Amino acid sequence: MSDLQSSPSTAGKASDEAPVVATAGANATSASASTGRSLLPESTLLRHLLALVVFAVLAVVVLEVTTPYQNSQLATLTYYAIAAGGLTVLTGMNGQISLGHGALMAAGAYTTALFLDADEPLPLVVILLASILVAIIIGALVGVAAARLHGPYLAGATLALAVGLPGLAIYFHDIFGGEQGMRVRAPQAPESFDSFIQLVSGSAASSTKWLAYVGTICLLLTYFFLANLVRSRIGRTWRAVRDQEVAAELAGINLGAWRVLAFVVSAAAAGLAGAVLALVVRLAAPSGFTLVLSLSLLTAIVLGGLGSLTGALIGSALLVFLPPFARDMGASFGLDQTEAAQVAPFVYGVVLVVVMIFVPAGLVGTIRLRWMTRKAKRAMAQAHADGASSRG
Amino acid sequence: MDYFVNVTITGLTQGMIYSAFALALVLIWRSTRIVNFAQGSMAAATTFIALALIQAGASYWVALIVALVSGFVLGAVIERVIIRPVEGGPELNAVIVTLGLFVAIQALIAIIFGSSFQSFPTPFGVRGFELGDTTIPLTPTNLYVIAAVLVTMALLVALFRFTRIGLAMRASAFSQEVARLLGVKVGGMLTLGWGLAAVVGSLSGLLIAGGTFVYPAYMDSLIVFGFVAAIIGGLDSPVGAIVGGLILGLALSYVSGYAPRGSALVTISALVILIGVLLVRPGGLFSSSTARRA
């Protein structure tokens, strides 16, 4: 039965033709490598710091001009985006798929819930770091197994994780509260935050707003960290492992170790996302971490373009703003409440299929591909013209 | 002792269903090198079709046949329309497409049939046979499940061994290029393969639903168990899938029967078994020696 593998169109194709179109979003050209007329700083770190400041100011403005309901929507967006950012790095940069990120988020959420349950809760930063740490430990365990797997094997193993891990919360129901889950006591905003909001908007801060700010800060820091990481030696090594296993191995890269590292980084993001989720939703329950959560994260990154952080952000926005819209549309077609709530997952599934068949590079990847093709064409025409003039 | 026998029989029955489901995955993997994560949702869809017929007054057997036929059509159409464009491409794309189908079909079931729990009938009793005045824990439903799976497997073996179509299907799985040169319509064979796999998958869905409750996501754990069973068997070997299903069925049955509050531990034990097998033999227990590098 092993002789099936002689078929030319079988697995392993992904590493023969590199880079795969689907991950075009991951292969950004660095600004310094382009024409050089850019006004942006040369150093990647400086450029990203600049972006961080711009986005931070933007975020404050957006959070201040929006209504409390929109604030809570944005808070939801932050935890989806954090998790999707981690997942897009794993899948887009390193070529590993994970359906287990919902379970890793659950690890972060339950950690936060447990720590906040204490009579004298630790500072929020410590709790968030602890959530990240727990997710890292689980991520490392899974990553060690995952590093030896690929494609469908990996998808299946992480699928088992996504379906299995919430069962632990039911098994240890004395600690984790079983099916009902744990209520999360949202921490109070510090005085400095209140005075900051007073200064910016002139009105008192609500706890919704405080949590939206916490989520936004986590989001900005995560994306800053990830953006630097993927542009560094680490990111290049991940891409090498993804596209050309043999060549990477010959260049002295330890494939397994780098895959585990990618999984750990991704798990850390998922843990933080889970912690923010627990704070925003104020509940950590098994029903919050279904397989559909993991699959909707996958939808977000596939739609945006695998490997692109911008794409992950755009895709996460879809996860937040599509469900109410889809629900209304379902209701207008005469569906009742519970039926209409299923329209959104239906759209996620259709989006996954349609994007993968017609535009596998996703939004950002497709735009980037177009742009790169145009630039290459222009450079070619230029070279042609130069050659003609020098001959003539 | 009685309890042990009871747990073992439950395990074997469940294991048979996992075997059938794993077999469906293996059939598709062998012909198209794709793991069909949508298998569970497709089976759930046909189960709900059967349920709708039964609620409308049709007999179990009519509903069964209609469900299997619609499973075949569903599998064939999905292969032809959705899977064909990603066949032979990067494996990640195919995985994502089947996952998309998984969510979309499940949501569609919930939209059409509602997401509440509904009881699914079984054609036979669930009381054990009586031998004299002792009741042995083997129920007619157990026997029905085991027999249904065995008959299906025998039919599949006969199809692949003794018919021209089976030969053509094996040829296209073996080497598409060569089969095409010899005049086999490979595309049609792949469609047929998906259709057959969907029939087997639907059957396992109907069997596991018998006597319990169904809801749109009721196949979620079965897709995990079927996948684990297929992996234990090596994903490439039909015999491996069957043995893997039985091993998994027994193991999970003992966990849920003997561990305190074991039923909550069932899926996590499947995960542990899966990771264990993959760490010891990444190609599965029944794989031949060639390891793929990809």
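**Exercise 1. The two chains meet**

How many residues does the contact take from chain A and from chain B?

*Solution.* Keep in mind that this is a predicted model. Start with the count: chain A puts in 58 residues, and chain B puts in 58 residues. Next, look for the helices on the chain A side. At least two residues each come from helix H1 (13-16), helix H6 (151-171), helix H13 (291-304), helix H15 (337-341) and helix H16 (343-358) of chain A. Of these, H6(A) gives the largest share, 15 residues. Last, sort the chain A side by class: 37 residues are nonpolar, 17 are polar and 4 are charged.

**Exercise 2. Chain A as a whole**

Find out how many helices and strands chain A has, and what part of chain A is buried.

*Solution.* Count the elements first: chain A has 17 helices and 2 strands. Then turn to burial. Chain A has 392 residues, and buried ones make up 50% of them. Now take the contacts in chain A with a separation of 6 or more: 78% of them join residues 24 or more positions apart.

**Exercise 3. H3 against H14**

Describe how helix H3 (residues 68-94) and helix H14 (residues 309-332) of chain A pack.

*Solution.* For H3(A) and H14(A), the angle is about 140° and the axes are 8 Å apart. An angle over 145 degrees would count as roughly antiparallel, so H3(A) and H14(A) are oblique to each other. The crossing of H3(A) past H14(A) is right-handed. Who does the touching? On the H3(A) side, the residues include Tyr80(A), Ala84(A) and Thr88(A), and on the H14(A) side they include Ala312(A), Ser316(A) and Val320(A). By class, this contact has 10 nonpolar and 7 polar residues, with no charged ones.

**Exercise 4. H4 against H12**

*Solution.* The crossing is right-handed. Among the residues in contact are Leu104(A), Gly108(A) and Thr112(A) from H4(A), along with Ala267(A), Gly271(A) and Ala278(A) from H12(A). The class count comes to 14 nonpolar, 6 polar and no charged residues.

**Exercise 5. Buried or partly exposed?**

Decide whether Leu25(B), Val62(B) and Glu177(B) are buried or partly exposed.

*Solution.* The cut-off you need is 20 or more other C-beta atoms within 10 Å for a buried residue.

- Leu25(B) sits in helix H1 (residues 2-32) of chain B. It has 29 other C-beta atoms within 10 Å, so Leu25(B) is buried. Beyond four places in sequence, Leu25(B) touches Val35(B), Asn36(B), Gln39(B), Gly226(B), Phe227(B) and Ala230(B).
- Val62(B) belongs to helix H3 (residues 60-83) of chain B. Its 13 C-beta neighbours inside 10 Å mean that Val62(B) counts as partly exposed.
- Glu177(B) is part of helix H7 (residues 176-181) of chain B. With 13 other C-beta atoms within 10 Å, Glu177(B) is partly exposed.

**Exercise 6. Two positive phi values**

Where are Arg282(A) and Arg33(B), and what is the phi of each?

*Solution.* Some background: most residues other than glycine have a negative phi. Arg282(A) has a positive phi, near 65°, and is in the loop between H12 and strand S2 (283-284) of chain A. With 16 C-beta neighbours inside 10 Å, Arg282(A) counts as partly exposed. Arg33(B) also has a positive phi, near 55°. Look for Arg33(B) in the loop between H1 and helix H2 (39-55) of chain B. Arg33(B) is buried, with 24 other C-beta atoms within 10 Å.

Notes: Residues numbered from 1 in each chain as written. Chains lettered and ligands numbered in written order. Predicted model: local features only at pLDDT ≥ 70, side-chain atom pairs only at ≥ 80, totals over all residues. Axes fitted to C-alpha atoms, helices over the stretch in contact; angles between N-to-C directions. Helix = DSSP H or I, 4+ residues; strand = E, 2+ residues; numbered from the N terminus. Parallel < 35°, antiparallel > 145°, perpendicular 65-115°, else oblique. Left-handed = near helix turned anticlockwise from the far one by under 90°. Contact = placed C-beta atoms within 7 Å. Nonpolar A, V, L, I, M, F, W, Y, C, P; charged D, E, K, R; others polar. Buried ≥ 20, exposed ≤ 12 C-beta atoms within 10 Å, placed from the backbone.
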